Amino acid sequence: MSYNIPDEVRFVLRRLSERGFEAYPVGGCVRDTLIGRVPSDWDITTSARPDDILRAFGDCKCFDLGKKYGTIGVLVGGEKIEITTFRREAAYTDMRRPDEVYFADDLKDDLSRRDFTINALAFDASGGVIDRFGGRADLEAGLIRTVGDAETRFREDALRIMRALRFSSELGFSLDGGTRAAVMSCRGLLSFVARERIYEELRRLVCGKNAARVIIEYKDVLSPFLPCLSFADEARLRAASEAASLLPPDFVLRVASLVVSSGVPDARECARDTFLSLKSDRAARMRADAIISAYLATDGLSETELKIAAARLGEDALSGALMIKRAAAQCASDDTNAEKFTAALDTASRLIASGECLTIKDLKIDGSDLIAIGIAPSPRMGVTLNTLLSAVIEGKVKNERGELISYAKNWRDKT
Ligand code: ATP
Ligand code: MG
């Protein structure tokens, strides 16, 4: 084969063909190889049924990745390769999952159930590309086009609408005219799709290299899932999307940036509702809230102010907030402010790395020392510890047990 197919994949293809089955690398791995990207994983489609696959790889570690749907994972040389029986899909009455999966006898059927022409390509054993739907021409033209009639395919599974936008963002491709029109006319069907499935595609879309263009162009498709988009007028939407795409490909950070720069009246509430409705995990929701709170709280950028902010807000939230502010300045070509935030980010990371006292836990005194000087466990104790922390950060007292106790006594007597 002339393409760069890993040895582990060749091994799987050979094993299946020795047993009389057809087997082809298919989908994303073919697409990515043809455009010079390194595939994230290799999928094999085969005439072998799941039990045949298990038998053929009896000496390898196999995983049931949905035997009912025909997918078996095989571990070869440390690589997990997914092998799926040729499939045809039947009716989708709930617009979520096909009611039943039918195994198919030939590759053509399997390729025709795939979402886009660029994802319906396979490598054949002699080193050629099997292209029944014009996928290679679309790859060259940078086009995303459904296999078959776009509206029909989106009615079968509306998640494909999000996938079209996700590939557009990741690959920098445009939607073919018919596919684009169907995205717009069928977008309402996305409300029937499980939020967990949407989350993953939306995450990849927002983290894609071309996210800004896709967010601007498909605002109406995306605003049910990113409600902040509908608050922004055209200029604001452009600035917000471009600023977000200057950030690292971190979904929570980019969404936090979109929310604060879209002009919503209550950014924290909007972010909370966004992550709740996407059924994200709690950690993502809390992190977005922390970053936005830090964004709203961070004013001063002096060393002391940054130390206090790092102590109160945490390293991740503070640096996230500063990155969002810097991206907004960069977008507005405001070099002076962009440099100011770059310097603040450097200072914050130096302070954090230096291990200087930054949180209450780092104080060389604790609750039992305070009880010993008559400050009972109560909100007052928390206030005292925070006061001590600020005093240490501002250099008013050293972080030494004896000094802290006398500072605390003094404070106790004054308040
Ligand atoms: P990547 O791995 O980079 O995300 P991919 O193309 O491999 O890209 P997957 O989500 O892993 O994307 O899907 C593997 C293949 O399965 C696709 O290339 C496509 O042929 C097919 N596919 C996935 N989801 C659908 C769907 N909802 N409808 C039709 N075909 C699909
Ligand atoms: Mg894949």
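View 1. An oxygen atom of ligand 1 lies 3.0 Å from a side-chain N or O atom of Arg114. For Arg166, the distance from a side-chain N or O atom to an oxygen atom of ligand 1 is 3.0 Å. The corresponding distance for the side chain of Ser40 is 3.4 Å. On its own, ligand 1 has 580 Å² of accessible area, and the protein covers 82% of that area (Shrake-Rupley method, 1.4 Å probe).

**View 2. The largest pocket, where ligand 1 sits****.** Sitting in a pocket requires more than half of the atoms of a molecule to lie within 2 Å of its grid points. A pocket is an open set of points on a 1 Å grid over the protein atoms alone, where a 1.4 Å probe fits, with protein on both sides within 12 Å along at least five of seven lines; lining residues have an atom within 4 Å of a point. The largest pocket holds about 1400 Å³ of space, a volume being the space filled by probe spheres set on the points, which are joined across faces, edges and corners. It is lined by 47 residues, with Asp43, Arg113, Arg114, Asp115 and Arg163 closest to its centre. α7 (159–171) is among the elements that supply at least two lining residues, and α7 gives the most, 7 residues. The lining divides into 24 charged, 15 nonpolar and 8 polar residues.

**View 3. The second largest pocket, with about 270 Å³ of space****.** Its lining includes Arg37, Glu170, Arg203, Arg204 and Cys207. α9 gives the most to this lining, with 3 residues. Charged residues number 6, beside 2 nonpolar and 2 polar.

**Conventions.** Residues are numbered from 1 along each chain as its sequence is written, while chains are lettered from A and ligands numbered from 1 in the order in which they are written. In this predicted model, local features need pLDDT of at least 70 and side-chain atom pairs count only at pLDDT 80 or more, whereas totals for chains, interfaces and linings use all residues; side-chain values use heavy atoms, without hydrogens and water.

Definitions and conventions. Helices (H or I, at least four residues) and strands (E, at least two) are DSSP runs, numbered from the N terminus. Ala, Val, Leu, Ile, Met, Phe, Trp, Tyr, Cys and Pro count as nonpolar, Asp, Glu, Lys and Arg as charged, and the others, Gly among them, as polar. A polar contact is a pair of N or O atoms within 3.5 Å; within protein, one must be able to donate a hydrogen and the other to accept it, and residues adjacent in sequence count only if both atoms are side-chain atoms.
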